[in-house]
Amino acid sequence: MQEIHDATIIRKYLNHYDFTKYFTQIPEGFFLCQYEKGELLSSIYTPTDYLQFSLDGIIRIYTVNSDGSLIPVGHHTTPTLLGDVELCGNPTYFIVEAASPVTCLVLPLKHCRESLLNDNRFLRLLVNNLSDKLEKLSNFGSNLSTVEERLIHYLQICCPDHTLTNVENATFHLHCSRRQLQRILKKQTETGTLRRIGKGKYVLAEPISD
């Protein structure tokens with residue numbers, strides 16, 4: 001992990017990603033942080049004290065179940081706000097991992113927490129992010145006991161056109177190994193539940209009933 005405090009570089013990122021759409025007035029104090037693959041974004045900067053905007057790279061977000069197991073929440077490749085749940089006064093339940101090299105703009109909250117909570121533009125961002133995380137948690141289908149059930153639910157709810165196009169991403173969401181998922185995909189294809197439409201690409205064979 002590397003911190004960058006060069007004001008010119010930071011301004012370049014703020015302008016490139018148009019942070020005026022997130023804030024009525026962009027707060028002072030941003031710095032840049034670059035993570036290597038496998039590092040935890042949530043262990044360096046305490047979410048109750050910092051906000052992080054993941055700008056490029058791939059991050060994986062998990063939440064901790066009551067039995068201590070990890071539940072996948074999201075797999076993001078676009079700018080993503082981290083620390084929003086904690087900013088609202090909730091405990092830290094999320095673990096965030098860099099699945100590739102990741103660049104973040106980090107904002108210390110010490111001097112701007114109150115002004116952020118009175119910024120309508122930022123509050124809209126906050127609500128949208130919280131809604132997205134709640135939707136992913138509620139739609140994942142944690143009551144489904146087998147990987148086969150979770151796979152069908154994942155295709156129905158999370159995949160555009162009910163089509164799986166990335167096996168690695170699917171193993172993350174389904175909390176299983178690549179070998180296990182490939183075995184299930186083969187079985188579901190043989191039974192006619194899925195159709196293989198290309199290398200590593202599968203689609204539900206039948207329309208989804210309401």
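This is a predicted model: local features need pLDDT of at least 70, side-chain atom pairs count only at pLDDT 80 or more; totals for chains, interfaces and linings use all residues.
User: What does the secondary structure of the chain come to, and how much of the chain counts as buried?

Analyst: The chain has 7 helices and 11 strands. Of its 210 residues, 43% count as buried. The accessible surface is about 11800 Å², and carbon and sulfur atoms account for 48% of that area.

User: What makes Arg-60 and Glu-168 a salt bridge?

Analyst: The N to O distance between their side chains is 3.3 Å. The cut-off is 4 Å between a side-chain nitrogen of Lys or Arg and a carboxyl oxygen of Asp or Glu, so the pair qualifies.

User: Which parts of the chain does this pair link?

Analyst: Arg-60 is in strand S4 (residues 59-64) and Glu-168 is in helix H6 (residues 167-174). The two are 108 residues apart, and the pair links distant parts of the chain.

User: Why is Arg-60 called buried, and what is Glu-168 called?

Analyst: Arg-60 has 15% relative accessibility. Buried means under 20%, so Arg-60 is buried. Glu-168 has 45%, which falls between the 20% limit for buried and the 50% limit for exposed, so Glu-168 is partly exposed.

User: How many salt bridges does the structure hold, and which residue pairs with Glu-190?

Analyst: The structure holds 2 salt bridges. Glu-190 pairs with Lys-186, with the closest N and O atoms 2.6 Å apart. That is within 4 Å, so this pair also meets the definition.

User: Where do Glu-190 and Lys-186 sit relative to each other, and are they buried or exposed?

Analyst: Both are in helix H7 (residues 178-190). They are 4 residues apart, so about one helical turn separates them. Glu-190 has a relative accessible area of 59% and Lys-186 has 51%. Exposed means over 50%, so each of these residues is exposed.

User: Helix H7 also holds Gln-188. Is Gln-188 buried or exposed?

Analyst: Gln-188 has a relative accessible area of 11%. That is under 20%, so Gln-188 is buried. Leaving aside neighbours within four places in sequence, Gln-188 is in contact with Glu-148, Thr-193 and Leu-194.

User: How do you know that Cys-33 is in no disulfide?

Analyst: The nearest cysteine sulfur belongs to Cys-104 and is 6.4 Å away. The structure as a whole holds 0 disulfides.

User: Are Cys-33 and Cys-176 buried or exposed?

Analyst: Cys-33 has a relative accessible area of 0%, and Cys-176 has 13%. Both values are under 20%, so both cysteines are buried.

User: Which residues touch the most other members of the largest nonpolar core?

Analyst: They are Phe-19, Phe-30, Phe-53 and Leu-105, in a core of 39 residues. Strand S8 (residues 102-108) gives the most to this core, with 5 residues. A second, separate core has 16 residues, including Tyr-154, Leu-155, Ile-184 and Tyr-202.

User: What is Phe-30 in contact with, leaving aside its neighbours within four places in sequence?

Analyst: Phe-30 is in contact with Ile-10, Leu-14, Phe-19, Phe-23, Phe-53, Leu-105, Val-106 and Leu-107.

User: What makes H6 mostly covered?

Analyst: Of the 8 residues of H6, 6 are buried. They are Val-167, Ala-170, Thr-171, Phe-172, His-173 and Leu-174.

User: What is found at the ends of H6?

Analyst: Asn-166 caps the N-terminal end, with a side-chain oxygen 3.1 Å from the backbone nitrogen of Glu-168. Just after H6, His-175 takes a positive phi of about 55°.

User: Why is Leu-204 called buried, and what does Leu-204 touch?

Analyst: Leu-204, in strand S11 (residues 201-204), has a relative accessible area of 10%. Since that is under 20%, Leu-204 counts as buried. Not counting residues up to four places away in sequence, Leu-204 touches Ile-152, Leu-155, Gln-156, His-162, Thr-193 and Leu-194. Leu-204 and Ile-152 are 52 residues apart in sequence, with their C-alpha atoms 8.0 Å apart.

Terms used. Residues are numbered from 1 along each chain as its sequence is written. Side-chain values use heavy atoms; hydrogens and water are left out. Buried means under 20% relative accessible area, exposed over 50%, partly exposed in between (1.4 Å probe, protein chains only). A disulfide is a pair of cysteine sulfur atoms within 2.5 Å. A nonpolar core is a set of buried Ala, Val, Leu, Ile, Met, Phe, Trp, Tyr and Cys residues joined through side-chain atoms within 4.5 Å. Contact means heavy atoms within 4.5 Å. A polar contact is a pair of N or O atoms within 3.5 Å; within protein, one must be able to donate a hydrogen and the other to accept it, and residues adjacent in sequence count only if both atoms are side-chain atoms. Accessible areas come from the Shrake-Rupley method with a 1.4 Å probe; for residues, only the protein chains shown count as cover.
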